[in-house]
Number of protein chains: 2
Amino acid sequence: MITSMERSTDPGPRGGPVLQDSVTEAITNAFFEELAAVGYGRLSMEAVARRAGSGKAAIYRRWPSKEAMTADLVGQVSVRAADTLDTGTLRGDVLAFLTATDEALRHPLVSRILPDLLASAAYHPAIAAVLGDEIGTARRRKVGAILRRAVERGELPESADIELGLDFMAGPLYWGTAIRSAPADPGRLERLTDMIIAALAA
Amino acid sequence: MITSMERSTDPGPRGGPVLQDSVTEAITNAFFEELAAVGYGRLSMEAVARRAGSGKAAIYRRWPSKEAMTADLVGQVSVRAADTLDTGTLRGDVLAFLTATDEALRHPLVSRILPDLLASAAYHPAIAAVLGDEIGTARRRKVGAILRRAVERGELPESADIELGLDFMAGPLYWGTAIRSAPADPGRLERLTDMIIAALAA
DNA sequence: CCTTGACGAGACGATACCGTTCCGTCTCGT
DNA sequence: ACGAGACGGAACGGTATCGTCTCGTCAAGG
């Protein structure tokens, strides 16, 4: 599925004469900027090359197609998000998670790219696969850890539904921040946190 | 902005020789099917005409551009959703609202089109305007009515935040049903209802 | 110093749309 | 019966993108 070469994305200390990292980086940046500018459906390799100041051949030397490039690059980025640390209380964990997620969603590139990718997943199985891994699995793991710790502390009943918990941790924030474009407001995240905890405890 | 003719979408009892309704309907259906098939970004007028079994001229006789056609047709559809009736209790109102919305989100065309349009709104102001009206305003009015009735009944404190309430009524359901593609499950809507009410009361 | 190979640039044929403009046909209301 | 006008179909010139391929340049290693 993802068929890009490892040498440029993971060149190691010295892998011999190699596709130049600076070019790979320029293409990567150009890709995300272009993705934010026109969306996946209208993204063209020529535009990416133009923006990167490179030739198209430099792109096709690295990835066999637009879909493979997208899957590879999106996969790389999403992997980064670190686990939320244990703040000692459910409220602290939730607020930290919401704050981090809200900040990510407000990034100018993310706020334009993410909804587009989520929609594109319906048309392109390769994208759906990457997002399913990154958003589905990774996110479920993080939220699951938070809820599990809360259950251990006795802050939540054991009956708490992890799947629905994920919907509450992600849904209202995504809807408000990414779709409704609600202005940044720490107070909103505080209230959101209290409401989510109330929902989780129900 | 929306410049389609009134004669065919609202021909009245007898408006003289008119663009044929059957063609308008064929084009409308083809538009939504094509939208579901390839998304807004890649939607082509030729494909719509092909699918409708019409000539492109028949489309351009009705709308001046793809954007105007989209705004007009999407606006027409979204208008339909009726107000939720008063069931007498907050729980009944919320469950009815969630059930209706969930059903709508599961419609094969809606589930593919809506996320795409929400994403496209970031690139096309005309779409953003229509969605802002239909989803933003209309939805805020509906949910606002439900919450206001609940406050009058004493089921919710007066301090309830309508804006955040909207995020909770829409977010988890949209995330679970449209993004996570959770299977249809009445029990899930029941639990969702209880959790939303707990959140609203927090 | 000379070979190697990635580089930017861009031409290439193929394909797809755009929005417009013609056909010749058919269905109306008059 | 007639004329207006919408119809499906097809073609127009123009633009954009695809993925491939060929240039001449340039930097590094042997």
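**Exercise 1.** Which atom of DNA strand C lies 2.2 Å from a polar side-chain atom of Tyr60(B)?

*Solution.* The model is predicted. Start at Tyr60(B): its polar side-chain atom is 2.2 Å from a phosphate oxygen of DNA strand C. Next take Met45(B). Then turn to Lys56(B), where a polar side-chain atom is 2.8 Å from a base nitrogen.

**Exercise 2.** Describe the protein surface near DNA strand C.

*Solution.* Sort them by class: seven are nonpolar, five polar and five charged. Locate the helices: H3 (45–52) and H4 (56–60) of chain B each supply at least two residues. Now look from the DNA side. Of its atoms within 4 Å of the protein, 67% belong to sugar or phosphate, the rest to bases.

**Exercise 3.** Classify the aromatic pair formed by Tyr174(A) and Trp175(B), then the pair of Phe31(B) and Phe32(B).

*Solution.* Five aromatic pairs are found over all chains. For Tyr174(A) and Trp175(B), the centres are 5.3 Å apart and the planes 65° apart, hence edge-to-face. This pair crosses between chains, joining helix H9 of chain A to helix H9 of chain B. Both residues, Tyr174(A) and Trp175(B), are buried. For Phe31(B) and Phe32(B), 5.1 Å and 75° again give edge-to-face. Buried means under 20% relative accessible area. Phe31(B), at 0%, is therefore buried. Phe32(B), at 14%, is therefore buried.

**Exercise 4.** Over which ring does the charged end of Lys66(A) sit?

*Solution.* The ring is that of Tyr40(A), with its centre 4.7 Å away. In chain B, the charged end of Lys66(B) sits over the ring of Tyr40(B), 4.7 Å from its centre.

Conventions
Residues numbered from 1 in each chain as written. Chains lettered and ligands numbered in written order. Predicted model: local features only at pLDDT ≥ 70, side-chain atom pairs only at ≥ 80, totals over all residues. Heavy atoms only, no water. Near = heavy atom within 4 Å. Polar contact = N/O pair within 3.5 Å; in protein donor to acceptor, adjacent residues only side chain to side chain. Helix = DSSP H or I, 4+ residues; strand = E, 2+ residues; numbered from the N terminus. Nonpolar A, V, L, I, M, F, W, Y, C, P; charged D, E, K, R; others polar. Phe/Tyr/Trp six-rings, centres within 6.5 Å; stacked < 30°, edge-to-face > 60°. Buried < 20%, exposed > 50% of the residue type's maximum accessible area, 1.4 Å probe, protein only. Lys NZ or Arg CZ within 6 Å of the ring centre and 35° of its normal.
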